[in-house]
Amino acid sequence: MSGNPCQSPDRPREDGRDKGPVSKLAVAGLIIAVIPLCPFTSLLGALLGIFALRRIRLAEGRLTGRGLALAAVVVGVSLAFVWSALLDYVAERQREAQEAMMIDTVGQLMRPPAGADPARTLQLWSGTDPRRPSIEEIEQFRADAIDRYGVFDRFMAISVSPDGSILRPIVEMGGVFHFADASPFGSASFEAQVPPGKLVPVFRLRSLMIEDRGRGDLTLGVEEEAPTPPAGP
């Protein structure tokens, strides 16, 4: 009689000839884990790896691929953290770029470039704003501010808060208007709009306000409040 008499017929050989097939779940988990899409796909690959480990354990030798399943778990979890950190970094850079764009818009309105076409100033304003100011109102606002506080220097944002809705995203920005003679607080409201043929949204002004308790606030483009309906009988 050939073979090892001590070898049980129901026990897998240690030389690997009687090993079962590789777990397809482990292979799929590793493939999905390394697909460079987003943290969710990496976590899905790790989850499939966990399921594959459980099936391999319950198979008691009739299924292999434990190393692939472990790799799917480790790689999936690791890449999920990497993708999350990368997306956070991109989102933070995008937020900073958007804030810089809004601050620059305030600067262009308060201190237009030399020789700039006045009509281009209106392009800084939201085209959907029912209270969109005219060129004369903008120039009057600028003249009043310079008369009170001196030449405009810069606008520095202090707080930024989203508002509006998904279909009409609005950003409220509070900050300080730095002039030659004073630095009053104020605010600016923006609406995100996507120009025709563009993919990246731009932020157009909705309103601008310089706070001044002593001489009165300077406002530009503030929407008028709807009248309060009379109380019923």
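Tutor: Let's start with a definition: buried means under 20% relative accessible area, exposed over 50%, and partly exposed in between, using a 1.4 Å probe and protein chains only. Keep in mind that this is a predicted model, where local features need pLDDT of at least 70, side-chain atom pairs count only at pLDDT 80 or more, and totals for chains, interfaces and linings use all residues. Residues are numbered from 1 along each chain as its sequence is written, and side-chain values use heavy atoms, without hydrogens and water.

Student: Why is Ser189 called buried?
Tutor: Ser189 has a relative accessible area of 1%. The limit is under 20%, so Ser189 counts as buried. Ser189 lies in strand E3 (residues 185-193); strands are DSSP runs of E with at least two residues, helices are runs of H or I with at least four, and both are numbered from the N terminus.

Student: What makes the pairing of Ser189 and Glu172 a polar contact?
Tutor: Their side chains come to 3.1 Å. A polar contact is a pair of N or O atoms within 3.5 Å; within protein, one must be able to donate a hydrogen and the other to accept it, and residues adjacent in sequence count only if both atoms are side-chain atoms.

Student: How do you know that Glu172 and Arg206 form a salt bridge?
Tutor: Their closest N and O atoms are 3.9 Å apart. A salt bridge needs a side-chain nitrogen of Lys or Arg within 4 Å of a carboxyl oxygen of Asp or Glu, so this pair qualifies. Glu172 lies in strand E2 and Arg206 in strand E4, so the pair ties together parts that are 34 residues apart in sequence. Arg206 is buried at 11%, whereas Glu172 is partly exposed at 27%.

Student: What makes Glu92, Arg95 and Glu99 a network?
Tutor: Salt bridges link them. Arg95 pairs with Glu92 at 2.3 Å between the closest N and O atoms, and Arg95 also meets Glu99 at 2.3 Å, N to O. Arg95 and Glu92 are 3 residues apart in helix H3, which means about one helical turn between them. Glu99 is 4 residues from Arg95 in helix H3, again about one turn.

Student: Is Glu99 buried or exposed?
Tutor: At 17%, Glu99 counts as buried, whereas Arg95 is partly exposed at 35%.

Student: And why is Glu60 called exposed?
Tutor: Glu60 reaches 64% relative accessibility, and the limit is over 50%, so Glu60 counts as exposed.
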